[in-house]
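Here's a quick briefing to read alongside the picture. Have the structure open and follow each point on it as you go.

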Amino acid sequence: MPDLVLQIAAGWATLLLFGGGILLLRARDTLHRVLALDVLVAIVIMLLTTLSYLRDVSYYIDAALALALLALTSTLVATRYVTRGGPF
Amino acid sequence: MIFDIAGAVLLALGLLLATIGLYGMLRIPDIFHQLHPAGLVTGPAVILVLLAAVFTGSAEIITSAALVLVFVLITSPLSTHAIAQAARRRPRQSRDRSS
């Protein structure tokens, strides 16, 4: 893919990151915050993937994989914390 | 040439879906309604951006992207379901404070 398209896509994903930050700041509740962080991680995955296409290296996507794993674990633990008052 | 156009279209479509989902999440106050645009961002938007890896032509990137694709397909519904379940089951006073 041409570099210009990838640069525009990376810039767009960065703007989306700011939108996710606004979403996180506007959250009034623990679950809203958990949901906003989930969406933020999805946006960071998109940004890392675009960066990987731009620089033509693969290890940014591996970082995205690790981030997705951490996001799943933290979301499950946080929702359990909201429901039962503790992680276990 | 065709590869370039297809990859650019997939990338733009994924980022457009993410933008629409983020706008919806900023507009909607209720958590149950917010889960719908959140599912749009964490599911199809990420998948479309990852599918654009096919058109980069690099084997390493395609393999890593396929791994992330499978992982996202499994975990995105799981986390959305966990959040919805927690919103339904949480204690009454915190639900009143949220609305």
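Predicted model: local features only at pLDDT ≥ 70, side-chain atom pairs only at ≥ 80, totals over all residues.

Residues are numbered from 1 along each chain as its sequence is written, while chains are lettered from A and ligands numbered from 1 in the order in which they are written.

**Chain A**
- Chain A has three helices and zero strands, where helices (H or I, at least four residues) and strands (E, at least two) are DSSP runs numbered from the N terminus.
- Its C-alpha trace spans about 50 × 25 × 10 Å along the principal axes.
- The radius of gyration of chain A is 15 Å, whereas a compact globule of 88 residues would be near 12 Å; this radius is taken over C-alpha atoms, and the globule rule is 2.2 Å times the number of residues to the power 0.38.
- Of its 88 residues, 43% are buried, and buried means that 20 or more other C-beta atoms, placed from the backbone, lie within 10 Å of the residue's own.

**Chain B**
- Going from the N terminus, chain B reads α-α-α-α, which is four helices and zero strands.
- Chain B is more spread out than a compact globule, because its radius of gyration is 17 Å, well over the 13 Å that the globule rule gives for 99 residues.
- Its C-alpha atoms fill a box of roughly 55 × 25 × 10 Å along the principal axes.
- Buried residues come to 38% of the 99 in chain B.

**Helix α2(A) up close**
- With 26 residues, α2(A) reaches 37 Å from its first C-alpha to its last, close to the 38 Å expected at 1.5 Å a residue; the expected span is 1.5 Å times one less than the number of residues.
- α2(A) is largely enclosed by the rest of the structure, because 19 of its 26 residues are buried.

**α2(A) and its neighbour α3(A)**
- The axes of α2(A) and α3(A) come within 9 Å and cross at roughly 175 degrees; axes are lines fitted to C-alpha atoms, for helices over the stretch in contact, with angles from 0 to 180 degrees between N-to-C directions.
- So α2(A) is roughly antiparallel to α3(A), a label for angles over 145 degrees.
- Among the residues that meet here are Leu31(A) and Val34(A) in α2(A), and Ile61(A) and Ala64(A) in α3(A); two residues are in contact if their C-beta atoms, placed from the backbone, lie within 7 Å.
- This contact has 16 nonpolar, five polar and one charged residues. Ala, Val, Leu, Ile, Met, Phe, Trp, Tyr, Cys and Pro count as nonpolar, Asp, Glu, Lys and Arg as charged, and the others, Gly among them, as polar.

**Where the chains meet**
- The contact between the chains takes 40 residues from chain A and 41 residues from chain B.
- On the chain A side, α2(A) gives the largest share, 14 residues.
- That side divides into 25 nonpolar, 10 polar and five charged residues.
- The axes of α2(A) and α3(B) (residues 59–89) come within 11 Å and cross at roughly 170 degrees, so these helices are roughly antiparallel too.
- Leu35(A) and Tyr53(A) are among the α2(A) residues in this contact, and Ile83(B) is one of those from α3(B).

Notes
Buried ≥ 20, exposed ≤ 12 C-beta atoms within 10 Å, placed from the backbone. Parallel < 35°, antiparallel > 145°, perpendicular 65-115°, else oblique.
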